[in-house]
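Student: I am new to this structure and would like to understand it step by step. May we work through it with questions?

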Amino acid sequence: MSMAEAINEALRHEMRRNPDIVLLGQDIGPYGGTFGVYKGLHTEFGDGRVTDGPVAEAATTGIGIGLAMAGMPTVVEIEFIDFITLASDAIVNQAAKMRFSFGGQVSVPLVVRAPIVNKLGLGAQHSQSLEAWFMHVPGLRVVVPSNPADAKGLMLAALRDGNPVLFVEHVRLYPVKGEVPVEDVPIPIGRLRVAREGRDVTIATYSGMVRPCLEAAEEAAKEGMECEVLDLRTLNPLDREGLVASVARTGRLIVAHEACKTAGPGAEIAQSALEGAFDYLEAPIIRVAGADQPIPVGSLQDYVFPDKNRVLAAIREVMA
Amino acid sequence: MKNTPSQNELSGWYRTMCAIRFFEEHVIASYREGLFTGSTHPCICQEAIAVGCAAALEPGDPVFATYRGHGHAIAKGLELPPLMAEILCRETGCSKGRGGSMHLCDVGREFWGTNAILAAHVPIAAGMALANKKRGNGKVTAVFLGDGATSEGAFLETLHMVALWKIPLVIVCENNGYAISVPTHVGKSVEDIAQHAEGFGLASAVVDGNDPLLVHEAMARAVERARSGGGGTLLECKTVRWERHSAISAGKYDNEEEAMKWKKADPIPRFAARLTAEFGVSPVELEALAAEARAAADDALAFAKESPLPDPGEVDAYVYA
């Protein structure tokens with residue numbers, strides 16, 4: 001099953017189980033979503049639960065919050081994560097603050113789905129990885145799955161969490177296939193997955209970079225360097241315990257993500273490792289990240305994103 | 001539609017308007033005494049809107065308001081002591097002393113909170129109204145906002161979606177003539193805020209916001225339209241602002257000329273005069289009602305002052321569900 005199908009299955013499963021769940025967005029009805037994630041849901045659940053609306057991210061997200069507060073868990077679709085700027089007040093100032101400011105009287109079971117869409121030649125306004133902004137918002141969960149099984153389990157957890165969740169998907173991962181349990185098994189938010197075990201270097205990564213990191217680890221193994229690849233799965237909460245335990249074992253850390261390097265998720269991840277495992281470190285931590293610049297179109301876009309080769313170079317450097 | 005209010009009900013309105021006024025006076029004095037920090041945005045001179053609208057709603061109808069929302073909370077039936085305690089940031093406050101003056105909430109009374117980002121609560125209120133429409137329970141949601149907020153995208157996007165989906169939401173704009181320092185004629189392209197509704201195909205009305213009977217009548221029509229499946233309304237209530245935007249605003253409007261404007265328009269003496277002339281409520285009875293309101297506001301302040309501060313060990317108690 002592909003990751004797009006896994007998310008679709010999670011939504012369908014939970015919508016059958018919980019008749020209050022509503023999906024809002026643009027192009028999510030008969031069209032099935034820009035990337036096909038909603039395929040068949042409109043046919044099964046109808047207009048009332050799979051609701052196409054106008055292109056109005058701010059009001060759509062606000063309406064989603066109101067539905068969620070009223071006890072109808074709502075999934076709001078942001079077609080590209082770049083467009084989330086248009087909904088950011090609703091997410092940051094409203095959804096994430098409401099429970100606290102009202103002394104615990106309300107819950108906001110809102111899931112905002114937003115895919116990272118890059119390397120498709122769509123330019124600076126359609127290629128960003130903006131997850132770091134939202135890690136910085138207490139009250140908001142940030143989930144970043146990398147494979148179909150995790151996407152299903154984490155979506156089930158997100159829909160039942162009771163807190164607002166930003167569910168960051170990745171367009172390159174949608175067609176990637178993998179085994180997905182048919183059972184109803186939510187994956188707890190805030191626990192990383194060891195994607196590959198190794199004794200020499202920890203590589204902490206998530207979403208679209210998990211696979212390049214695994215490939216780099218295979219190459220490195222041929223050179224006698226064993227890497228442990230951590231798929232963080234969620235950025236808020238960050239599984240600091242799991243991260244520190246791994247770094248304490250290996251003594252070396254590389255953090256890899258496509259988001260820009262400056263104030264990217266890697267800064268928080270690296271510092272968390274330093275705070276917990278400083279005494280075990282045998283080499284400086286290396287960040288393999290996106291370039292600090294707007295993303296170009298055409299041939300140039302290959303030069304701003306990290307890839308397997310840059311991760312491999314970092315492994316060699318940290319082991320030197 | 002609700003029937004014409006009885007003399008008894010009208011007396012209750014008067015008492016509530018007075019309670020809001022005395023409550024706000026205590027809030028301002030408390031702020032000046034340093035009993036709480038931050039700021040506060042009094043609704044002095046706008047009490048008729050809160051009371052007239054609340055009287056047209058059922059207890060089960062959800063209400064959303066803004067930072068200038070103490071009056072809406074009181075009119076919705078929230079008790080004064082926990083409101084004052086919230087403003088003084090005490091554990092006994094309606095939001096457990098975490099939200100303060102701009103984040104009052106009582107979900108049990110369908111008061112879904114006051115909000116400090118202009119117009120951000122308008123789509124949220126629309127979502128609540130949409131949920132109730134889906135449930136078919138006949139509830140009508142009301143959301144209050146100021147004229148300044150009507151230039152925000154969230155407001156205009158929501159007008160469109162309320163019209164498009166026939167959402168049972170009454171959007172009440174309290175037009176007090178100023179967005180902080182910018183007068184409406186400088187900040188708005190239209191004479192009446194209600195004109196914004198027309199382009200979206202949404203019903204609208206304009207009413208004198210300083211007469212609770214007129215407000216009630218217009219609100220009752222809007223509520224009836226929403227309850228009977230006719231969709232939302234943008235109701236503009238023309239009012240006058242108390243001389244300042246907030247307790248910390250620069251004193252630019254703190255002058256005699258502005259003060260005279262609201263004092264002439266003051267809805268409380270206006271309503272008192274109507275109650276005596278048209279509804280046979282004697283000045284003595286009015287005085288007694290005001291005295292009850294005064295006592296309630298005094299008690300609320302005393303309760304708040306005596307209430308404990310929140311436990312620092314519980315500072316992060318409500319961040320996550």
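Student: In this predicted model, which strand of chain B is joined to E3(B) by two bridges?
Tutor: The two strands concerned run parallel. Within the pair, Val143(B) in E3(B) has Phe64(B) standing opposite. The strand joined to E3(B) by two bridges comprises residues 63–66 of chain B and is strand E1.

Student: Over how many bridges do E3(B) and strand E4 of chain B pair?
Tutor: Strand E4 of chain B covers residues 169–175, and its pairing with E3(B) is parallel in sense. The number of bridges between E3(B) and E4(B) is six.

Student: Is strand E3 of chain B largely enclosed or left open by the rest of the structure?
Tutor: One face of E3(B) carries Thr141(B), Val143(B) and Leu145(B), and the other carries Ala142(B), Phe144(B) and Gly146(B); all of these are buried. Six of the six residues of the strand, 141–146, are thus buried, so E3(B) is largely enclosed.

Student: Which residues have the most contacts inside the largest nonpolar core?
Tutor: This core has 215 residues. Its largest share, eleven residues, comes from helix H1 of chain B, residues 7–33. Domain 1 and domain 2 of chain A each supply at least three residues to the core. The residues with the most contacts inside it are Ile203(A), Ile254(A), Ile315(A), Val170(B) and Val172(B).

Student: Leaving aside neighbours within four places in sequence, what is Val170(B) in contact with?
Tutor: Val170(B) is among the residues with the most contacts inside the core. With neighbours within four places in sequence set aside, the contacts of Val170(B) are Val140(B), Ala142(B), Met219(B), Ala222(B), Val223(B), Ala226(B), Gly232(B), Thr233(B) and Leu235(B).

Student: Which strands stand at the edges of the seven-stranded sheet of chain A?
Tutor: The sheet is open and mixed in its pairing, with the order E2-E1-E3-E4-E6-E5-E10. An edge strand here has a single partner strand, so one side of it is left without a neighbour in the sheet. On average, neighbouring strands are turned by 20 degrees against each other, direction ignored. The edge strands of chain A are E2 (50–52) and E10 (234–236).

Student: In what sense do strand E1 and strand E3 of chain A pair?
Tutor: Strand E1 of chain A spans residues 22–25, strand E3 of chain A spans residues 74–77, and three bridges link them. Val22(A) stands opposite Thr74(A) in E3(A). The sense of the pairing is parallel.

Student: At about what angle does helix H6 of chain A run to E6(A)?
Tutor: Helix H6 holds residues 148–160 of chain A and lies across strands E4 (110–116), E5 (141–143) and E6 (165–170) of that chain. The angle to E6(A) is about 160 degrees.

Student: How far apart do the C-alpha centres of the two domains of chain A lie?
Tutor: Chain A is divided into domain 1 (3–170) and domain 2 (193–319). The contact takes 23 residues from domain 1 and 25 residues from domain 2. The distance between the C-alpha centres is 27 Å.

Student: Which helix gives the most to the side of chain A that touches chain B?
Tutor: The contact involves 32 residues of chain A and 33 residues of chain B. Helix H3 (57–69) and helix H4 (88–101) of chain A each supply at least two residues to the chain A side. With nine residues, the helix that gives the most is H3(A).

Notes. Residues are numbered from 1 along each chain as its sequence is written. Chains are lettered from A and ligands numbered from 1 in the order in which they are written. This is a predicted model: local features need pLDDT of at least 70, side-chain atom pairs count only at pLDDT 80 or more; totals for chains, interfaces and linings use all residues. A nonpolar core is a set of buried Ala, Val, Leu, Ile, Met, Phe, Trp, Tyr and Cys residues joined through C-beta atoms within 7 Å. A residue is buried if 20 or more other C-beta atoms lie within 10 Å of its own, exposed if 12 or fewer, and partly exposed in between; C-beta atoms are placed from the backbone. Helices (H or I, at least four residues) and strands (E, at least two) are DSSP runs, numbered from the N terminus. Domain bounds come from an automatic or database domain assignment. Two residues are in contact if their C-beta atoms, placed from the backbone, lie within 7 Å. Two strands pair if DSSP finds at least two bridges between them. Axes are lines fitted to C-alpha atoms, for helices over the stretch in contact, and angles run from 0 to 180 degrees between N-to-C directions.
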